[in-house]
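Here's a quick briefing on a protein fold, written for someone new to reading structures. Take a look at the sequence and the model first, then work through the points below.

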Amino acid sequence: MDIGGKVVEAILDPGSTHTLLPWSLLPPGTPVRKLTGVTSQAANNTVIVMDGEATVKFQIGPTSHSFPVWITDHVDQFLIGLDWFLTSKVVWDFNDRENIVIAGVPVPYAIRQISESTRRVYCARTIHIPANT
């Protein structure tokens with residue numbers, strides 16, 4: 001997909017109620033409305049604080065969009081949530097593992113390969129983990 005002239009990967013996540021964008025992908029000069037006290041909750045129950053809201057223009061395949069997103073540094077990729085799916089008339093047939101349909105237009109997508117590694121470990125008490133272990 002393309003956002004602000006930059007080709008990036010995005011995560012299609014209808015399990016997320018809102019669309020989230022990291023500050024690093026916000027196109028320069030995009031006006032941002034500050035959000036105070038707005039949070040979301042990750043799948044692991046971590047609270048994600050939202051810094052702002054902006055309307056961004058992006059392109060997925062041949063389809064162009066202008067959509068309000070929440071801005072936070074608690075995500076590292078463009079996370080396209082249920083709010084966008086519902087307003088963009090998306091049809092996602094999970095038996096078709098090559099295309100989603102956006103406003104009647106088939107758009108190819110790729111399934112991200114998931115590694116068997118663990119990205120985060122949460123501890124119930126303070127522990128010391130030596131470097132490079």
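This is a predicted model: local features need pLDDT of at least 70, side-chain atom pairs count only at pLDDT 80 or more; totals for chains, interfaces and linings use all residues.

Residues are numbered from 1 along each chain as its sequence is written, and side-chain values use heavy atoms, with hydrogens and water left out.

**The overall fold**

- The protein has one helix and 13 strands; helices (H or I, at least four residues) and strands (E, at least two) are DSSP runs, numbered from the N terminus.
- Walk along the sequence and you get the pattern β-β-β-β-β-β-β-β-β-β-α-β-β-β.
- Of the 133 residues, 32% are buried, where buried means under 20% relative accessible area, exposed over 50%, and partly exposed in between (1.4 Å probe, protein chains only).
- Among contacts (heavy atoms within 4.5 Å) between residues at least 6 apart in sequence, 51% join residues at least 24 apart.

**The nonpolar cores**

- A nonpolar core is a set of buried Ala, Val, Leu, Ile, Met, Phe, Trp, Tyr and Cys residues joined through side-chain atoms within 4.5 Å.
- In soluble globular proteins, nonpolar side chains tend to be buried together.
- Which members of the largest core touch the most others? They are Leu 21, Phe 58, Phe 78 and Trp 84, out of 21 residues.
- β8 (52-60), β9 (63-71), β10 (78-80), α1 (82-87) and β12 (99-102) each bring at least two residues to this core, and β8 gives the most, with four.
- Leaving out residues up to four places away in sequence, Trp 84 touches Thr 19, Phe 58, Ile 60, His 65, Phe 67, Val 90 and Ile 102.
- There's also a second, separate core of seven residues, including Leu 35, Met 50, Trp 70 and Val 75.

- On β12, Ile 100 and Ile 102 make up the covered face, while Asn 99 and Val 101 make up the uncovered one.
- β12 pairs with β11 (residues 90-91) in the antiparallel sense over two bridges; strands pair if DSSP finds at least two bridges between them.
- Val 90 stands opposite Ile 102 in that strand.
- On to β13 (residues 105-108): this strand pairs with β12 in the antiparallel sense over four bridges, and Val 107 is the bridge partner of Ile 100.
- β12 and β13 form a hairpin with two residues between them, and Ala 103 in the turn has a positive phi of about 50°.

**The salt bridge**

- The structure holds one salt bridge, meaning a side-chain nitrogen of Lys or Arg within 4 Å of a carboxyl oxygen of Asp or Glu.
- The side chains of Arg 33 and Glu 53 meet there, at 2.7 Å, N to O.
- Arg 33 lies in β5 (residues 33-34) and Glu 53 in β8, so the pair ties together parts that are 20 residues apart in sequence.

**Aromatic pairs**

- Rings of Phe, Tyr and Trp (its six-membered ring) pair if their centres lie within 6.5 Å; planes under 30 degrees apart count as stacked, over 60 as edge-to-face and the rest as tilted.
- The count comes to six aromatic pairs.
- One of them, Phe 58 with Trp 84, is tilted, at 6.5 Å centre to centre and 50° between the planes, and both residues are buried.
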